[in-house]
Amino acid sequence: MIEIDTLCKSYDGVEVVRDVTLTIQPRTITVIVGTSGSGKTTLLRMINRLVEPTSGTIKLDGEDNRSLPGYELRRRIGYAIQGHGLFPHRTVGQNIATVPSLLGWSKARITARVNELLTLFQLDPAAFAPRFPHELSGGQQQRVGVARALAAEPNVLLMDEPFGALDPIIRAKAQDDLKAIQKHFGTTILLVTHDMEEAIRLADMIAVMDKGCVVQFAPPSEILTKPATDFVATLIGTSDRPFRLMSLAKVGDAVEPGSANGLAIAASMNQRDALAELLWSGRQALPVTAADGRVLGRITLEGLTARAGHSSGHPA
Amino acid sequence: MDKLGVVITALAAYALLISPFATFRANRIVPGDPVGLLNAVATPVNGLVLALLIAIALLALVKTSVIARLVASVVAIVALCLAIGLAAQHLTPEGNSYARVAPASGFWLLLFAFALMATDALTRLQPPPGVRILALLVTALGIAALLKSGSWDGLSILKEYSTRAASFWREVGTHVTLALGSLAAATVIGLPLGLLCHRIRPLRAAVLNSLNIIQTIPSIALFGLLIAPLGWIATHVPGASAVGIAGIGAAPAFVALFLYSLLPVVANTVTGLAGVPQAAVDAARGVGMTLWQRLTKIELPLAFPVILTGIRIVLVQNIGLATIAALIGGGGLGVFVFQGVGQTAMDLVLLGAVPTVAMAFAAAVLLDAIIDKVRMQA
Ligand SMILES: Nc1ncnc2c1ncn2[C@@H]1O[C@H](COP(=O)(O)OP(=O)(O)OP(=O)(O)O)[C@@H](O)[C@H]1O
Ligand SMILES: [Mg+2]
């Protein structure tokens, strides 16, 4: 659990983070969204004390983050900096091994961990561990940056626009991977982005920042249905809000009784993709199957559009 | 047609047709008589050497493979080196120990022309650092073999050497100690100073400006400035004169070389550290490195090639500059240069100058290769 209490930061009298109070539950993904210069990076860097707050406190599992020397605190908290920040003179393997070797892990344990992480990020250890960062693509560099942040099995992971350099397809893949990894390790993740789409996709909770203040802290569905301020409303946009909502809800929640012809849709697919499937196939209805292949019922174009129109999908 | 080849051929033609190949003097201080290549070397070797050199000079003119040019130029240089040794034997009358035979302008021009051809070929081949060091080693061994074989013994410079072999090696030792010692001192002091300048911004301008000013003081003036303080230390600090500190001699020479060395070391340390990517430094902090770990694991390794470049500048500069130590009784190869100037004995000047140039050249090649190697890894 991370408890941020009335946190402020000013540079030369200008407040860039104002009076932020947030409680972040363990094993969740919290995404900080906001326009450029709204203070997202500053807020994130106060958690591992790369930036010292002007006032206010941060507690990690009940313990003030100033009770440890800064460098020891930072070895416990994973941090993927804006841009990958890999050490250019060290190999991928050495980069990932940075924190474990600072912590004095044994050689064998470090090697095992490096290999595990590279495999997890779909980079073949034999091929990638000995390479230098400049021999990787931008996307691979970013994955290594995240792997380095995860190396010492931190409970908390701070990520500053980790998917900034990725094209949309790879980006979606990386986001799915991150969710899977978070589930796998049970890490508490705090991620900064200025992309609302990304926030909705990843977050358990979204904190929207505007001019240094957190103007709304709520689950994605609430942000979409009840934007607290005009700023939040502009950030989520109005035209495609129904579709964004649908992307949060599963097909399983919109199943109607009855049968239909055509390629079956999985109950775990999100409703937005299911709608696209219906429109593509030109059918009014498609069968829905459970993970074990059992037919649960059908999904209809009429039923889905009605949900979108009311903006009242049941988010998972 | 090769553009540089035109220059090389023109130089070689001028040297072969107009300039004297060697100089003959009845003794070491009288003016010499110029001797052409054909008269300097016994027949029929003279004709063979001439034909070979003309052929290679003409080869330089046409566009051929780089390897062929390299091999040809090396052959030409070896031929030149052997020919000058033969000239010395041929021209010196039997049993005459006063006569002096020295290379003349023609020899030097030819050497320059073919060295140019070799360097050009080497540059175009872009050999990896290891190969360059190997080439340097082979060259050094070749020269050593020539010296050992005695084929150059008739040359004036080696006659100067043979009469003062013991003092020659002693002065080489002093020379190297002065150059390397002051470099070591400048590195030990300059590196931390550069670090401080990097961390403390206001210090940077002050330090670099002061070092710049020192760099502009002529060496003679610097020696003059050092006499008083070092003399004072020698008389007032117990034990100082026992370790060799004095107003004149090796101590002020060492201090002067050290002061001249500081600027390149400090400036390159500052530049190198400033060039370390900000993201890498930030990430180092972010993963929990302490100040010291950041410095030793990230900043210094990344700045190392630039710092090494500063050390290369200093080493080459110091090997040359150490000659002036002789002006104030500090020893080194400058002793022969200044003695030679005083006695108008050119051969003695060369005995000091040629090894100095050779050492500076070798140091430059060696460090350039090391720097390239380090850069490749970074
Ligand atoms: N070290 C600093 N000194 C002075 N001002 C700073 C410093 N760091 C950040 N700021 C200012 O604080 C404000 C917030 O910066 P911050 O980096 O937190 O923004 P951000 O939300 O991360 O923006 P972006 O999306 O562009 O990364 C900016 O106006 C910035 O200029
Ligand atoms: Mg930022």
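1. Starting with the interface: 18 residues of chain B are in contact with 19 residues of chain A. Keep in mind while reading that this is a predicted model. About 1,600 Å² is buried between the two chains, and carbon and sulfur atoms give 63% of that area. On the chain B side, the residues that lose the most area to chain A are B:R285, B:G286 and B:V287, which together make up 31% of what that side buries.

2. Now the charged and polar links across the interface. The rule finds one salt bridge between chain B and chain A. The partners are A:R45 and B:D282, with the closest N and O atoms 2.8 Å apart. As for polar contacts across the interface of chain B and chain A, six residue pairs turn up, with both residues at pLDDT 80 or more.

3. Which helices of chain B each supply at least two residues of the side that touches chain A? Those are α12 (278-286) and α13 (291-321) of chain B. Of the elements involved, α12(B) gives the most to that side, with seven residues. Sorted by class, the side of chain B that touches chain A has ten nonpolar residues, five polar and three charged.

4. Next, a helix pair inside chain A; mind the labels here, as chain A has its own α12 (residues 241-248) and α13 (residues 271-281). These two helices of chain A pack with their axes 6 Å apart, at an angle of about 110°. An angle of 65 to 115 degrees counts as roughly perpendicular, and α12(A) and α13(A) are therefore roughly perpendicular to each other.

5. Who makes that contact? From α12(A) come A:F243, A:R244, A:M246 and A:S247, while α13(A) brings A:Q271, A:R272 and A:L275.

6. A backbone item in chain B: the peptide bond joining B:T43 and B:P44 is cis, with omega about 0°. Where does B:P44 lie? B:P44 is in the loop between α2 (37-40) and α3 (45-61) of chain B.

7. And a backbone item in chain A: A:K211 is not a glycine, yet has a positive phi of about 50°. A:K211 sits in the loop between two strands of chain A, β9 (205-210) and β10 (213-218).

Conventions. Residues numbered from 1 in each chain as written. Chains lettered and ligands numbered in written order. Predicted model: local features only at pLDDT ≥ 70, side-chain atom pairs only at ≥ 80, totals over all residues. Heavy atoms only, no water. Contact = heavy atoms within 4.5 Å. Buried area = accessible area lost by both parts, 1.4 Å probe. Salt bridge = Lys/Arg side-chain N within 4 Å of Asp/Glu carboxyl O. Polar contact = N/O pair within 3.5 Å; in protein donor to acceptor, adjacent residues only side chain to side chain. Helix = DSSP H or I, 4+ residues; strand = E, 2+ residues; numbered from the N terminus. Nonpolar A, V, L, I, M, F, W, Y, C, P; charged D, E, K, R; others polar. Axes fitted to C-alpha atoms, helices over the stretch in contact; angles between N-to-C directions. Parallel < 35°, antiparallel > 145°, perpendicular 65-115°, else oblique.
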